[in-house]
Amino acid sequence: MSFSRRDFLKASAAGIAIGAFPGLAFASSELIKKKGQRVVVVGGGFGGATAAKYIRKWSNNKIEVVLIERNPMFISCPMSNTVLGGGRTIDDLTMSYDELKKKYGIKLIKGEVTAIDPEKQTVMLASGHLKYDRLIVSPGVDFMYDKVEGLNESVANISITHAWKAGAQTVLLRKQLESMPDGGVFAISIPKGPYRCPPGPYERACQVAHYFKENKPKSKVLVLDANPDIVSKKGLFMAAWKELYPDMVEYRPNALVTKVDVASKIAKTEFDDVKADVLNVIPPMKAGAVADMAGLANVDGRWCGVDFLTYESKVHKGIHVIGDAVSAALPKSGHMATSQAKVCAAAVIELMQGKQPDQNPTIANTCYSMVSGNEAVHVANVYRFNAEKQAMISAEGGGVSAKRSELEGAFAGYWLKNILNDVLL
Amino acid sequence: MIMSRTLLVVFGMLFCAAAQADVDKHARNLAASCSACHGTGGNSEGGMPVLAGLDKVLFVNQMKDFKSGARPATVMHQHAKGYTDEEFELLADFFSAQKRH
């Protein structure tokens with residue numbers, strides 16, 4: 001039995017890891033001294049900001065809430081495809097976190113979580129640490145760049161965008177479309193589901209086509225879909241492409257992009273090489289990195305399994321996961337994230353007060369897609385908890401628009417206004 | 001004996017109050033999902049109707065008409081079919097009690 005140098009290094013590395021981790025908590029400064037009951041929320045998107053606000057609101061401000069968010073401003077991903085079409089600017093979709101602080105007394109920390117210790121109920125940041133009674137993780141999605149050879153984060157930031165988180169890449173993609181010559185090709189690659197915002201890529205094809213129709217009518221939109229068919233609102237999108245943008249949008253099913261050539265803007269699928277003037281590759285997705293810090297992504301190593309009465313993780317007690325990161329038969333939408341956040345907020349308050357959470361959570365989803373400058377289509381559904389299956393199940397009666405309309409286009413705008421107010425004001 | 005009966009009544013009242021609170025919370029939780037379109041507490045900022053302070057009978061009737069198709073809609077006929085008549089009553093209770101801004 002020899003103990004190799006390698007084994008020794010491994011053992012000592014493990015020793016250091018175990019020894020240093022709790023040590024860090026004591027060595028680093030406690031950012032805000034914990035006095036009463038506290039919930040820490042990681043991630044201030046639709047899910048996290050809503051959870052933070054509703055815990056304050058529904059606990060009559062009795063529970064302290066600390067919200068950790070790395071971005072200085074909230075930027076709405078819903079409706080961000082209209083920035084590409086020209087209907088909105090990114091500023092129209094940008095909101096401040098100030099009201100959450102002022103109106104609800106939420107303590108906002110700008111920063112990134114570096115580690116989570118479920119046993120010590122502690123969250124680490126570069127600047128120090130925070131203790132919690134319950135933790136809500138709303139990490140959104142991260143991109144699996146390694147599934148597309150040649151693609152990585154820096155390429156996405158400067159050249160082949162995904163623009164699947166609203167912000168700088170959305171603005172860059174719009175600029176790329178503006179600089180493209182008339183007669184050029186815009187190609188969008190859609191990953192296999194599940195991914196954030198199922199109808200989003202098809203809406204994007206409409207918005208880019210809308211821009212081309214008005215500004216560059218000889219150009220093409222090429223949709224490379226890794227899925228065997230249009231994932232959401234199929235008939236409505238096909239009608240929009242045929243009737244509003246004839247001979248402009250080409251749809252290719254089963255077109256999984258596995259490789260890109262950055263310099264020549266070529267996307268390689270199993271069948272052929274596609275050359276584009278503007279290439280937009282949406283990589284496969286998984287739960288945001290914060291979920292990995294506590295090993296919460298227990299479903300396919302990508303998504304987080306939760307109890308749908310409380311959104312408590314199946315991996316760790318006391319840690320809840322909401323939004324796109326959750327593994328569920330629910331669409332990964334902004335409205336769903338806010339609805340999950342409210343179920344979670346209500347349950348967290350009950351649990352912290354030693355009471356039983358609501359046993360019949362029932363939530364609704366309404367998701368609008370803009371198919372032109374002023375017309376929209378929707379998908380709507382109610383979901384209710386099924387105790388036998390321990391899952392959220394689609395209720396009766398859901399469906400999509402009968403046809404696209406300007407009326408729904410107007411409703412889409414009001415949806416955005418009302419939901420942003422509900423999340424942030 | 002009288003004491004215990006009084007106690008029983010007190011406990012009964014407490015139990016009812018707790019049960020009522022649970023119903024109210026369930027109604028609140030149900031209604032929370034509506035605010036994406038209809039605004040927080042039913043105070044829509046425009047477009048979709050304001051539900052805050054809406055008469056209970058009117059609310060329930062509208063929902064039943066959406067469900068049956070008697071009142072045409074772009075979205076609400078689909079949502080209405082997803083809820084039970086009891087849930088319409090709970091939602092009506094909640095929204096009618098909300099202050100209009």
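Guide: Helices here are DSSP runs of H or I with at least four residues, strands are DSSP runs of E with at least two, and both are numbered from the N terminus. On that basis chain B has 5 helices and 0 strands. Its pattern along the sequence is α-α-α-α-α.

The model is predicted: local features need pLDDT of at least 70, side-chain atom pairs count only at pLDDT 80 or more, and totals for chains, interfaces and linings use all residues. Residues are numbered from 1 along each chain as its sequence is written, while chains are lettered from A and ligands numbered from 1 in the order in which they are written.

The close look goes to a sheet in chain A. It is open, has 3 strands in the order β6-β7-β8 (chain A), and its pairing is antiparallel. β6 and β8 (128–131) of chain A are the edge strands; each has a single partner, so one side of each has no neighbour in the sheet. Neighbouring strands are turned by 20° against each other on average, direction ignored. Axes for such angles are lines fitted to C-alpha atoms, for helices over the stretch in contact, and angles run from 0 to 180 degrees between N-to-C directions.

Two strands count as paired if DSSP finds at least two bridges between them. β7(A) and β8(A) pair over 4 bridges, in the antiparallel sense. Across that pairing, L125(A) stands opposite G128(A) in β8(A).

Q121(A) lies in the loop between β6 (113–117) and β7 (122–125) of chain A. Its phi is positive, about 50°, although Q121(A) is not a glycine. Most residues other than glycine have a negative phi. A residue is buried if 20 or more other C-beta atoms, placed from the backbone, lie within 10 Å of its own, exposed if 12 or fewer, and partly exposed in between. Q121(A) has 19 such atoms within 10 Å, so Q121(A) is partly exposed.

K265(A) lies between β14 (257–261) and β15 (266–269) of chain A. Phi of K265(A) is positive too, near 55°, and K265(A) is not a glycine. K265(A) has 18 C-beta neighbours inside 10 Å, so it counts as partly exposed.

For contrast, take a helix. In α10(A), 16 of the 19 residues are buried. After α10(A) comes G354(A), with a positive phi near 70°.
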